[in-house]
Amino acid sequence: MSRIGRMPVVVPTGVKVEVDGLRVRVKGPKGELERTFRPELSIRMEGETMHVEPAAKGPQISALHGMTRALLNNMVTGVHTGFTKILEIEGVGYRAEVEGKALVLHVGYSHPVKIEPPPAVHFEVDGKTRQITVLGPDKELVGQVAADVRKVRPPEPYKGKGIHYLGEHIRRKAGKAGKVTA
């Protein structure tokens, strides 16, 4: 049995959970999430905790057990506190700004790149530190949007210019060696 799957998911105050068979809807101050889970598992509410129980045994069921519990925990955490991903911009003249809800990137192309966020996600830009913050209740969606922003101009290994995650280590390469004459 999965060790993670056995742990109960504690529902904090201010979060409302509705379990309807395999469909779970979670509402909180940061938004609302809904997801349908696999039929090999059963989800039940017991007071202020949720429990995930497998219907059978096996390695695949055990993996689904832990993953389902982790997804439920992420849903509860997302609607209660939300998730963030922080990206940094490196490079002379590179900058970002928010126009309405869209993120506009000026990262060395002949034109600005405009990124429209999905409905539950929004951007914040700090001009002084040149950081882009992606915020939202859905952990998977926040991570995907951050990856899409990074994909616009990934960091290059020679000068380190581009968009990278906060704290991400960029492996640097040496430039061309000069020609040696004897």
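**Note on a predicted protein chain**

1. Start with proline 137. Leaving out residues up to four places away in sequence, proline 137 touches Lys30, Leu33, Asn74, Gly78, Val79, Gly82, Phe83 and Ala120. The model is a predicted one. Proline 137 sits in the loop between strand 12 and helix 3. Its relative accessible area is 6%. Buried means under 20%, so proline 137 is buried. Glycine 28 is 109 residues away from proline 137 in sequence. In space, the two C-alpha atoms are 9.4 Å apart.

2. Now the overall make-up. The protein chain has 3 helices and 13 strands. Its radius of gyration is 22 Å. For 182 residues the globule rule gives 16 Å, and the chain's value is well over that, so the chain is more spread out than a compact globule. Along the principal axes, the C-alpha atoms fill a box of roughly 75 × 45 × 25 Å.

3. Of the 182 residues, 35% count as buried. Take the contacts with a separation of 6 or more: 52% of them join residues 24 or more positions apart.

4. Surface and charge follow. The accessible surface of the chain is about 11,300 Å². Carbon and sulfur atoms hold 53% of that surface. The chain carries 29 positive and 20 negative charges.

5. Which residues of the largest nonpolar core touch the most other members? They are Leu103, Leu105, Ile115, Phe123, Ile132, Val134 and Val149. This core has 19 residues. Strand 7 (83–90), strand 9 (102–106), strand 10 (113–115), strand 12 (131–136) and helix 3 (139–152) each supply at least two of its residues. Helix 3 gives the most, with 5 residues. A second, separate core has 18 residues. Among them are Leu33, Phe37, Ile43 and Ile61. Leu33 is also one of the residues touched by proline 137.

6. Histidine 164 belongs to strand 13 (residues 162–165). Is this residue buried or exposed? With a relative accessibility of 6%, histidine 164 counts as buried. Not counting residues up to four places away in sequence, histidine 164 touches Ile86, Leu87, Glu88, Glu90, Arg150, Pro155 and Ile170. Strand 7 spans residues 83–90, and helix 3 spans 139–152.

7. Two residues share one loop. Arginine 130 is in the loop between strand 11 (122–126) and strand 12. Threonine 129 lies in the loop between strand 11 and strand 12 too. The phi angle of arginine 130 is near 55°, a positive value in a residue other than glycine. Arginine 130 has a relative accessible area of 28% and is partly exposed. Threonine 129 counts as partly exposed, at 41% relative accessibility. Threonine 129 and glutamate 88 are 41 residues apart in sequence. Their C-alpha atoms are 8.0 Å apart in space. Glutamate 88 is also among the contacts of histidine 164.

8. Glutamate 40 is in the loop between strand 4 (31–36) and strand 5 (41–46). At 24% relative accessibility, glutamate 40 counts as partly exposed. Which residues does glutamate 40 contact, leaving aside its neighbours within four places in sequence? They are Pro54, Ala55, Ile61 and Leu64. Ile61 is one of the residues of the second core. Arginine 3 is 37 residues from glutamate 40 along the chain. The C-alpha atoms of this pair are separated by 17 Å.

9. Last, threonine 49. Threonine 49 is placed in strand 6 (residues 49–54). Not counting residues up to four places away in sequence, threonine 49 touches Pro8, Val9, Val10 and Arg44. Strand 5 covers residues 41–46. Threonine 49 and valine 121 are 72 residues apart along the chain. Their C-alpha atoms are separated by 27 Å.

Key: Residues numbered from 1 in each chain as written. Predicted model: local features only at pLDDT ≥ 70, side-chain atom pairs only at ≥ 80, totals over all residues. Heavy atoms only, no water. Helix = DSSP H or I, 4+ residues; strand = E, 2+ residues; numbered from the N terminus. Rg over C-alpha atoms; globule rule 2.2 N^0.38 Å. Buried < 20%, exposed > 50% of the residue type's maximum accessible area, 1.4 Å probe, protein only. Contact = heavy atoms within 4.5 Å. Areas by Shrake-Rupley, 256 points an atom, 1.4 Å probe, with all protein chains shown as cover. Lys, Arg positive; Asp, Glu negative; His and termini not counted. Charge placed at Lys NZ, Arg CZ, Asp CG, Glu CD. Core = buried A, V, L, I, M, F, W, Y, C linked by side-chain atoms within 4.5 Å.
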